[in-house]
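Opened the notebook for another pass through a model.

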Amino acid sequence: MEAPIAIVRGEGTLLFDENGKAYIDAIASWWVNLHGHAHPYIARKISEQMQTLEHAIFSGFTHEPAVRLAERLLEFFPALDKVFYSDDGSTSVEVALKMAFQYWHNKGEPRTKIIAFENAYHGDTFGSMSVGARNVFSNAFDEMLFDVIHIPVPVAGKEQESIQKMNEALEQNCAAFIFEPLVQGAGGMIMYESHLLDDLIQLAKSKNVITIADEVMTGFGRTGQLFATDHCENKPDIICLSKGLTGGFLPLGATICSAEIHSAFLTSDKTKTFFHGHSYTANPIACSAALASLDLFEKEKTMERVAALSLLMQKAKTRFEKHPAVKEARSLGTIFAIEIKTREETEYLNPLAEKVHAFFIERGIILRPLGNILYVLPPYCITENELEKVMNAIEDFLSKLATNINR
């Protein structure tokens, strides 16, 4: 195994190693960076907060950054009412699942089943692993995970099967339906249509099943809208946020729920308390980073950048969809992905991944494929020249691969 590359600084789309070599961060450091590395505005706001309040217990106490952030987040979700802070994407999902189960428990109507998509990834804690696909991420723990009803993702050709399986699942004792809206990230950037998600959410609501949108990856512009559920008419009861929430500076999770769900915990009966907390819940520095990131959406007209980048990703899809080494090309918003033809099955441990990573690292580009799924998901500040360098390198790699395939 090769030693990890030592990164010493970042600027914009670039990361620099200890030898001074620059790398285009074409995957936004696992999808967290929105505005560019070491953005001076976010750094300044963090510095200011550190000199005022670095942290305070968030049980029986509160502070301005947490309140302001909650108020701003709720502006985006008119159907939702309360924000619960945690530490990262996995914990934001864990909180959502616990909320759903305890909601029914508190109402005296215990429900024990969760509906989730096949091929899903929701994190690496036990609840989030349970609602994810049973695969290499969770194999060692399968016997310890709770039972989940997995239904097909409504991709092309499986739309009716997905609806049918959803209807069957809803006949069981279901507490919630959790989903990655429109894009399954770690599952291979699998994409499906918003109207199909609308149908599934409506079916769940017709049976009074709580709907949970895992927007950890899809939030803050990644799908072309500010949130992936903005593409839908029907809105979820709970939304999970993390990754881009702080612009990529600090870990922070937020689980946002409806007033109806919150009402099940409003009681003098202390046994119905939502007993969940983290030492660094609502850390003021992380909240300040998130507020600064939201400021930049207005100051730098980030959604205009998103729209322009979305067009470039659509052009990339057109450029590569007929390539002889490509099985399928797809794009949505600022995400572009291709499924590369290989002799092996399409999955996370496909051996092509190591070759892809090494090829691009040599050329000063960070691409970390999901098996034989190669994707580009950059900071929004990436320039057209930088993106063209990435796409030209992809074409070079695919051409070499196609030559070997045809031999």
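This is a predicted model: local features need pLDDT of at least 70, side-chain atom pairs count only at pLDDT 80 or more; totals for chains, interfaces and linings use all residues.

**Phe359.** I started with what Phe359 touches, leaving out residues up to four places away in sequence: the list is Ala393, Asp396, Phe397 and Lys400. Phe359 sits in helix 11, which covers residues 352-362. Buried or exposed? I get 11% relative accessibility for Phe359, and because the cut-off for buried is under 20%, Phe359 counts as buried. I also checked Phe359 against Glu215: they are 144 residues apart along the chain, and their C-alpha atoms are separated by 31 Å.

In what order do the 7 strands of the open sheet run? I read 4-12-11-10-7-5-6, with mixed pairing. Strand 4 (82-86) and strand 6 (149-151) are the edges, each pairing on one side only.

I zoomed in on one pair. Strand 7 (residues 174-179) and strand 10 (residues 210-214) run in the parallel sense, over 4 bridges. Ala176 has Ile210 of strand 10 as its bridge partner.

Helix 7 (residues 194-206) lies across strand 5 (113-117), strand 7 and strand 10. Against strand 7, helix 7 runs at about 165°.

**Helix 3 against helix 9.** Last stop was a helix pair. Helix 3 (residues 64-76) and helix 9 (residues 284-299) have axes 9 Å apart and pack at an angle of about 40°. That angle makes helix 3 oblique to helix 9. The crossing of helix 3 past helix 9 is left-handed.

Which residues make the contact? From helix 3 I noted Pro65, Ala66, Arg68, Leu69, Arg72, Leu73 and Phe76. From helix 9 I noted Pro284, Cys287, Ser288, Ala290, Leu291, Leu294, Asp295 and Glu298. Sorted by type, the residues of this contact of helix 3 with helix 9 come to 10 nonpolar, 1 polar and 4 charged.

Definitions and conventions
Residues are numbered from 1 along each chain as its sequence is written. Side-chain values use heavy atoms; hydrogens and water are left out. Axes are lines fitted to C-alpha atoms, for helices over the stretch in contact, and angles run from 0 to 180 degrees between N-to-C directions. Helices (H or I, at least four residues) and strands (E, at least two) are DSSP runs, numbered from the N terminus. Angles under 35 degrees count as roughly parallel, over 145 as roughly antiparallel, 65 to 115 as roughly perpendicular and the rest as oblique. A crossing is left-handed if the near helix is turned anticlockwise from the far one by less than a right angle, and right-handed if clockwise. Contact means heavy atoms within 4.5 Å. Ala, Val, Leu, Ile, Met, Phe, Trp, Tyr, Cys and Pro count as nonpolar, Asp, Glu, Lys and Arg as charged, and the others, Gly among them, as polar. Two strands pair if DSSP finds at least two bridges between them. Buried means under 20% relative accessible area, exposed over 50%, partly exposed in between (1.4 Å probe, protein chains only).
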